[in-house]
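This report covers one protein model, beginning with a single residue and then turning to the whole chain and a few further sites.

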Amino acid sequence: MIWESNASLAPYNTFGIDAKAERLVHLESEADVAAYALHPDGLAKQTLLLSGGSNMLLCADVPGTTARIAWTGRTVVRETEDHVWLEVAAGESWHETVRFSVQAHWGGLQNLSLIPGLVGAAPVQNIGAYGVELADSFDSLRFFDWTRQEIRTMDAADCGFGYRDSVFKKQLKGKGVILSVTFRLTKRDHRLQTSYGAIQDALASAGVAPSVESISDAVMAIRQSKLPDPKVLGNSGSFFKNPALPAQEVTALAELHPGLPQYPQADGTIKVAAGWLIEHAGWKGKRVGNVGMHAQQALVLVNYGGASGPELWEHAQRVQASVFEQFGIQLEPEVNLIG
Ligand code: EPU
């Protein structure tokens, strides 16, 4: 357990915002987590639990204690002829874990290649891309409960997964920390999801058949062509959620705006593409000072360099107000605002 005072959080958030943590502690093992929970400057003074920092906007310096999830490790815990159960520590890189599974020819995570962040945060918002969600390959996770100071194992039903949603954003918010996630991956008869148009096109133009490996490669190529690399241009992926609206409202809207992309949901609502709304409100690729919505994907808020949290948030609110004015739709941030 390593402690720092007045530490810059710039290396630990993908917007690259230089906010300061009054105290920063690096938790490097599960034993550190248990010790941290009892330490006088630890959990009792915690204001922020920091994972990969790929889904948060730091709007101010962080007082008290910031704890960084930094324990790692991957273990095959069970195996049959058809499946393998891979337990991954919360501090492992998500993408490296996906590539590790792809290189072993295990199926399940390939569509989720190149999503930034760490494994422990993935269940919190049930990360998803290209027609697949974490929940599809999820077996269970281990959760350290701060109040009871004990570890409990949770299955998918306990986690209450939804669209970018889980129990960790609701009843269990701030109540503990995910220690590890176990995935159930296929060794054969892989369920390959290629229905997302761009994947099929990418496979066809490369002249390759769908496989765990080729889908992972295609997703990486698609993401690299549309989404900015946080190491080059600070961002946190989609800044807003795609809003799910009542079908009637969408029908009325689509009469006025025939190009509006729509995705009917199982519950009868229709999700509309927030990126399209932002583009058609005129914000795509438009830079305001150090910030703007990305030129290839209008849903991605970017820091062109040196932007502060409040500057980024101001711009997000500007875009939000403009979309509301033009379409009557209130966009909600997908990213967590801190401070
Ligand atoms: N679109 C535009 N203009 C834009 C961006 C998008 O018209 O600037 C249109 C596209 O043409 C398409 C539709 O909007 O018809 C959807 O766009 P895209 O396929 O790029 O996906 P998205 O809905 O904008 C979601 C996820 C992404 C994920 C992609 C691919 C959310 C909030 N975002 O974006 O996730 O990678 O689908 O599956 O659901 C993230 O969560 O950080 C993230 C990047």
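Does Asp189 count as buried or exposed? The model is a predicted one, and in it Asp189 counts as exposed because its relative accessibility is 68%, above the 50% cut-off. Asp189 sits in the loop between β12 and α4 (197-206). Its phi is positive, about 50 degrees, although Asp189 is not a glycine. Most residues other than glycine have a negative phi.

Gln149 is another non-glycine residue with a positive phi, about 55 degrees. The loop that holds Gln149 runs between β10 (138-145) and β11 (150-155). Gln149 is partly exposed, since its relative accessible area is 32%.

**Overall form**

The secondary structure of the protein consists of eight helices and 20 strands. For 339 residues, a compact globule would have a radius of gyration near 20 Å, and the protein agrees with this because its own value is 20 Å. The C-alpha trace spans about 60 × 50 × 35 Å along the principal axes. Of the 339 residues, 49% count as buried. Where contacts join residues at least 6 apart in sequence, 60% of them link residues at least 24 apart.

The accessible surface of the protein is about 15300 Å², and carbon and sulfur atoms account for 50% of that area.

Phe183 belongs to strand β12 (residues 176-186). With a relative accessibility of 0%, Phe183 counts as buried because the value is under 20%. Beyond its neighbours within four places in sequence, Phe183 is in contact with residues including Val84, Trp85, Leu86, Trp94, Leu109 and Asp139. Asp139 is 44 residues from Phe183 in sequence, yet their C-alpha atoms are 5.1 Å apart.

Ser113 is located in the loop between α2 (94-103) and β8 (128-129). Its relative accessible area is 0%, so Ser113 is buried. The side chains of Ser113 and Ser216 form a polar contact of 2.8 Å. Leaving out residues up to four places away in sequence, Ser113 also touches His95, Val98, Val219, Met220 and Arg223.

| Residue | Relative accessibility | Class |
|---|---|---|
| Phe183 | 0% | buried |
| Ser113 | 0% | buried |
| Gln149 | 32% | partly exposed |
| Asp189 | 68% | exposed |

Note on methods
Residues numbered from 1 in each chain as written. Predicted model: local features only at pLDDT ≥ 70, side-chain atom pairs only at ≥ 80, totals over all residues. Heavy atoms only, no water. Helix = DSSP H or I, 4+ residues; strand = E, 2+ residues; numbered from the N terminus. Rg over C-alpha atoms; globule rule 2.2 N^0.38 Å. Buried < 20%, exposed > 50% of the residue type's maximum accessible area, 1.4 Å probe, protein only. Contact = heavy atoms within 4.5 Å. Areas by Shrake-Rupley, 256 points an atom, 1.4 Å probe, with all protein chains shown as cover. Polar contact = N/O pair within 3.5 Å; in protein donor to acceptor, adjacent residues only side chain to side chain.
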